[in-house]
Amino acid sequence: MYILKNAFRSINRSKGRNILIGIIITVIACSATIGLSIMNAASKVIESSKSKYDITATIGIDRDKMMKNVDSSSESKENMKERFNSMASISVSDIESYGDSKYVSSYYYTYSVGLNSDTIDAAETQSKGPGGNPHGQSSTSFTLTGYSSYEAMEEFITGAYTITEGEISSNFSDNSCIINSELATLNNLTVGDTIVLTNPNDTSKTYELIISGIYSDNDTDTMNMFTNSVNTIITNSNFVEQIVSDDATLNAKITPTFILTSEDVVDSFEQELYDKGLDETYSVNTNLDQLSSETESIQNLATFAFTTLIIILVIGGIILFIINLINVRERKYEIGVLRTIGMKKTSVISQFVSELLIVSVISLILGGFIGSMLSVPTANKLLEQEIQSSEQAQANINEHFGRSMNGADENSKQEKPSNMPTKGVSKIEKVTSIDAAIDIKVLSELIGIGILLTLVSSLAACISISRFSPLTILKERS
Amino acid sequence: MSILRLENVSYKYEDDKKYVLKDINYDFEKGRTYAIKGKSGSGKTTLLSLLSGLEKCSEGKILYNNQDLNKFDLDKYRNTNIGIIFQSFNLLTSLTAIENVILSMDINHQKEKNKREKAIELLKSVGLTEKQGDRRILKLSGGEQQRVAIARSLSYNPDIILADEPTGNLDFETENEIMAIFDTLAHKQNKCVIIVTHSANVAKKADVVYELKKTSQN
């Protein structure tokens with residue numbers, strides 16, 4: 001108890017020195033609080049982002065691998081083309097087999113086929129359908145896209161498409177469909193009307209669909225008079241599957257999406273697909289890069305905060321160590337007297353450490369309070385700079401793709417900095433603010449840092465006191 | 001019966017072959033004053049360091065109440081069994097006289113309820129007033145500081161008082177006053193007072209005088 005009393009008395013006696021130590025620890029605590037808060041908030045944002053979006057895997061043709069095979073093979077280009085065209089596409093049963101995995105929580109797919117119609121007119125624009133006519137079929141005017149579930153209807157989930165009239169049928173095995181509002185206007189169609197599509201290979205084969213809803217495509221970023229989806233008719237995957245099973249030569253495209261249980265299983269899932277017979281020319285693509293792009297700014301901010309924190313701690317620790325060393329040297333006589341009249345080394349050390357601890361605790365509270373006040377604006381300012389830098393980089397990429405020359409105005413670029421044609425990127429919202437609040441974790445980390453700093457800087461006192469001989473000190477003084 | 005006995009005590013510094021003290025055999029009893037005389041370099045202060053447990057003898061042994069001092073917790077020995085008084089007083093100048101005395105009681109872990117009252121009483125016993133006791137050390141004269149040092153050494157009622165040139169910095173009149181206090185401590189309070197000095201006046205007032213001579217033995 002008397003050690004604590006002496007410590008308080010000594011602090012009061014040496015106000016100047018203790019205020020200096022206090023200021024240093026306050027600055028360190030303040031910086032540490034800001035750094036820790038930013039790191040903590042960043043980690044929460046990253047975690048929340050990971051939980052907000054599913055880890056999805058899709059299967060697509062690995063064109064690079066295919067081209068390499070062409071280059072290294074002696075096969076004629078005609079043969080290679082033929083082989084490419086006849087390459088087995090993924091079937092629904094394949095998808096079901098791939099989806100039956102411990103790494104997959106659920107899966108869905110879209111099934112698209114190119115068709116024509118004698119009863120309705122297509123808008124004069126390039127369809128987003130299966131594309132081309134690799135099988136040498138007649139060109140098609142419409143793309144019939146079938147979804148296996150609501151989950152698969154990404155455009156509706158993200159708001160790219162919205163129903164303006166009627167609804168999407170909840171029955172995924174009927175012959176209902178929804179059509180683009182522009183197509184409806186063009187052909188004077190409304191909910192309840194029937195449209196008839198024809199097989200491009202055999203015009204005698206027709207498929208009747210009842211319009212259950214009309215949707216609008218909110219993507220205004222187009223050079224065409226009509227939106228890209230104008231000739232896309234949406235139905236369920238079962239209906240498309242029936243059409244394709246009836247005529248295997250139809251140009252159909254199936255796009256599966258697997259929702260994985262976690263990001264850690266990506267490699268295992270990929271290996272499992274190849275083990276189950278997926279051709280080597282297909283690759284498994286995930287949205288991990290897209291997810292990490294969302295939190296890239298936050299991650300950079302957290303790294304910056306961590307680096308700054310370490311630098312401040314190291315420099316602050318060294319300064320405190322030196323101040324304490326000088327302090328002990330200045331108080332050698334006091335140590336000598338205390339030791340001579342029987343105070344134990346450990347008691348003297350305890351008193352010196354207590355003094356520093358008292359100053360540290362007060363400074364930590366002060367620094368923590370100031371830091372908590374400053375952490376949110378500081379974090380958001382740093383994040384703003386990081387986002388600006390990121391947006392500038394994205395704007396530069398847009399320019400490389402000629403976006404600045406195709407009529408998109410500056411405002412639209414500002415609003416959608418990442419609207420490159422890479423699927424999915426624009427769907428993931430970038431984090432634009434950070435809530436760098438103090439919580440128990442930050443508080444305990446701050447206390448940990450405070451104790452660490454006190455111990456490190458007290459080390460000087462402990463070493464010096466343990467090496468001092470009281471008699472030598474007093475002789476020197478005499 | 002001796003309270004402190006030196007049996008063939010020798011001392012040399014670790015890095016030196018020459019002995020500072022060689023085969024010292026002294027006996028100290030309670031109720032008497034002892035003067036240890038000697039020229040500069042004869043080892044007077046070294047002997048005091050050995051007696052106070054600040055240094056350990058190289059050879060021989062020091063017995064306190066017939067127990068080897070080396071077996072003692074020397075910190076406890078210094079704040080319980082002996083009181084040390086220095087020529088340069090060695091008081092904490094940032095504290096008042098009373099606070100210096102109380103600090104010594106604290107180190108001795110005394111459970112005294114009113115330490116301040118006891119400190120004032122001790123200071124009064126060596127001729128200081130309460131007002132003087134509330135002054136910072138540097139506001140006191142040399143004689144007053146030495147009285148504070150004596151009061152501090154008495155704060156835990158030790159058996160032995162060790163004084164290293166206690167009057168070295170004081171005038172003749174003050175020297176006599178301080179010696180009178182030591183005399184009282186020995187003869188009325190039954191303490192063993194050991195004074196290291198080169199002053200003939202101080203030595204003359206001691207009951208027993210030991211004279212240290214420079215040793216030339218290796």
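Predicted model: local features only at pLDDT ≥ 70, side-chain atom pairs only at ≥ 80, totals over all residues.
At 34% relative accessibility, D27(B) counts as partly exposed. What does D27(B) do with its side chain? It meets the side chain of R5(B) in a salt bridge, 3.2 Å from N to O. This pair links distant parts of the chain: D27(B) sits in strand β3 (residues 27-29) of chain B and R5(B) in strand β1 (residues 2-12) of chain B, 22 residues apart. R5(B) is partly exposed too, at 29% relative accessibility.

Side chains of opposite charge can pair when their charged atoms come close.

Chain B has another pair worth a look. D159(B) forms a salt bridge with K30(B), and their closest N and O atoms are 3.6 Å apart. D159(B) lies in the loop between α6 and β8 (160-164) of chain B, while K30(B) lies in the loop between β3 and β4 (33-38) of chain B, so this bridge ties together parts that are 129 residues apart in sequence. D159(B) is partly exposed, with a relative accessible area of 23%, and K30(B) counts as partly exposed at 36%.

Now over to chain A. E334(A) forms a salt bridge with R13(A), with the closest N and O atoms 3.7 Å apart. Why does this pair tie together parts that are 321 residues apart in sequence? Because E334(A) is in helix α12 (residues 332-340) of chain A, whereas R13(A) is in helix α1 (residues 2-13) of chain A. E334(A) is buried, with a relative accessible area of 11%, which puts this residue under the 20% cut-off. R13(A), on the other hand, counts as partly exposed at 30% relative accessibility.

Here are those pairs side by side:

| Salt bridge | N to O distance |
|---|---|
| D27(B) and R5(B) | 3.2 Å |
| D159(B) and K30(B) | 3.6 Å |
| E334(A) and R13(A) | 3.7 Å |

How many salt bridges does the structure hold over all chains? The total is 17. Some of them share partners, and in that way R13(A), R331(A), E334(A) and E355(A) are joined into one network.

Next, the surface patches. In chain B, K131(B), R135(B), R136(B) and K139(B) gather on the surface in a patch of positive charge. One of them, R135(B), lies in the loop between α5 (130-133) and α6 (142-154) of chain B, and counts as partly exposed at 33% relative accessibility.

Chain A has a patch of another kind. F306(A), I310(A), V314(A), I318(A), I322(A) and I326(A) make a nonpolar surface patch of about 530 Å². Among them, I318(A) is found in helix α11 (residues 296-330) of chain A, and is partly exposed with a relative accessible area of 48%.

L212(B) and S40(B) are 172 residues apart in sequence, yet 9.9 Å apart in space, C-alpha to C-alpha.

Notes: Residues numbered from 1 in each chain as written. Chains lettered and ligands numbered in written order. Heavy atoms only, no water. Patch = residues over 30% accessible without salt bridge, like charges linked within 9 Å, V, L, I, M, F, W, Y side chains within 5 Å. Areas by Shrake-Rupley, 256 points an atom, 1.4 Å probe, with all protein chains shown as cover. Salt bridge = Lys/Arg side-chain N within 4 Å of Asp/Glu carboxyl O. Lys, Arg positive; Asp, Glu negative; His and termini not counted. Charge placed at Lys NZ, Arg CZ, Asp CG, Glu CD. Helix = DSSP H or I, 4+ residues; strand = E, 2+ residues; numbered from the N terminus. Buried < 20%, exposed > 50% of the residue type's maximum accessible area, 1.4 Å probe, protein only.
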